[in-house]
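Q: I want to learn how to read aromatic pairs in a structure. Can we work through a case?

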Amino acid sequence: MEIHTPCVVALTWKLKDSLGETLDELDEPVEFLVGGGDLLPAIDRALQGHEPGAEMHLNLEPEDAFGDYDETLVYLAPRSTLPESVEEGMLVEASALPKETVEGAAADALLTITELYPEHAVLDGNHPLAGIALRLDLKVVAVREATEEEVESGTVGSGFFRLQPMAPGSDQLH
């Protein structure tokens with residue numbers, strides 16, 4: 001079956017930055033909805049017309065991946081406005097913080113706690129891969145028709161580096 005919108009593809013891949021550092025490797029196939037919200041639009045477009053067994057080598061510039069790094073999405077927050085249990089690297093939703101903590105951030109923004117100091121914390125609203133050119137070697141393992149439910153929801157539940165907030169004090173993604 002040829003890849004078209006909408007359908008479900010099972011992919012494996014190796015994701016590298018422009019210097020060749022491996023950022024992620026997916027050895028076991030994972031399903032994604034083509035034409036939904038699971039893949040970056042540039043990957044969706046590149047997959048069109050291919051069949052199982054196809055191998056592709058994509059160069060994704062920041063504008064085709066997670067955008068350019070935006071310094072206006074970096075916030076300094078008083079440490080006293082954050083739960084004591086927060087740790088560097090944790091993801092928190094802006095709406096879970098007192099409103100004045102990250103003024104100007106969208107309520108649904110995901111913020112990475114990048115640095116913690118005794119009096120303040122640095123919160124970054126950029127995707128961790130923003131500003132990075134990516135090299136993606138992928139293989140199409142399988143293709144199938146999408147179900148009505150998958151098309152309606154716009155996903156099969158997987159996402160290309162979809163971020164999930166962490167509950168303070170938890171080391172699990174939700």
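A: Start with the rule. Rings of Phe, Tyr and Trp, the last by its six-membered ring, pair if their centres lie within 6.5 Å. Planes under 30 degrees apart count as stacked, over 60 as edge-to-face, and the rest as tilted. The model here is predicted.

Q: How many aromatic pairs does the rule give?
A: The count comes to one aromatic pair. Trp 13 and Phe 32 form it, with 5.3 Å centre to centre and 25 degrees between the planes. The pair is stacked because planes under 30 degrees apart count as such.

Q: Which parts of the chain does the pair link?
A: Distant ones. Trp 13 sits in strand S1 (residues 7-17) and Phe 32 in strand S2 (residues 22-34). They are 19 residues apart.

Q: Are Trp 13 and Phe 32 buried or exposed?
A: Trp 13 is buried, and so is Phe 32. Across the protein, buried residues make up 38% of the 174 residues.

Q: What is the order of the elements?
A: From the N terminus they run β-β-α-β-β-β-β-β-β-α. That comes to two helices and eight strands.

Q: What share of the contacts joins residues 24 or more positions apart?
A: Among contacts with a separation of 6 or more, such residues account for 68%.

Q: How do I read the surface and charge?
A: Take area, then charge. The protein exposes about 9600 Å², and carbon and sulfur atoms supply 49% of that. It has 9 positive and 35 negative side chains. The centres of the two sets lie 4 Å apart.

Key. Residues numbered from 1 in each chain as written. Predicted model: local features only at pLDDT ≥ 70, side-chain atom pairs only at ≥ 80, totals over all residues. Heavy atoms only, no water. Helix = DSSP H or I, 4+ residues; strand = E, 2+ residues; numbered from the N terminus. Buried < 20%, exposed > 50% of the residue type's maximum accessible area, 1.4 Å probe, protein only. Contact = heavy atoms within 4.5 Å. Areas by Shrake-Rupley, 256 points an atom, 1.4 Å probe, with all protein chains shown as cover. Lys, Arg positive; Asp, Glu negative; His and termini not counted. Charge placed at Lys NZ, Arg CZ, Asp CG, Glu CD.
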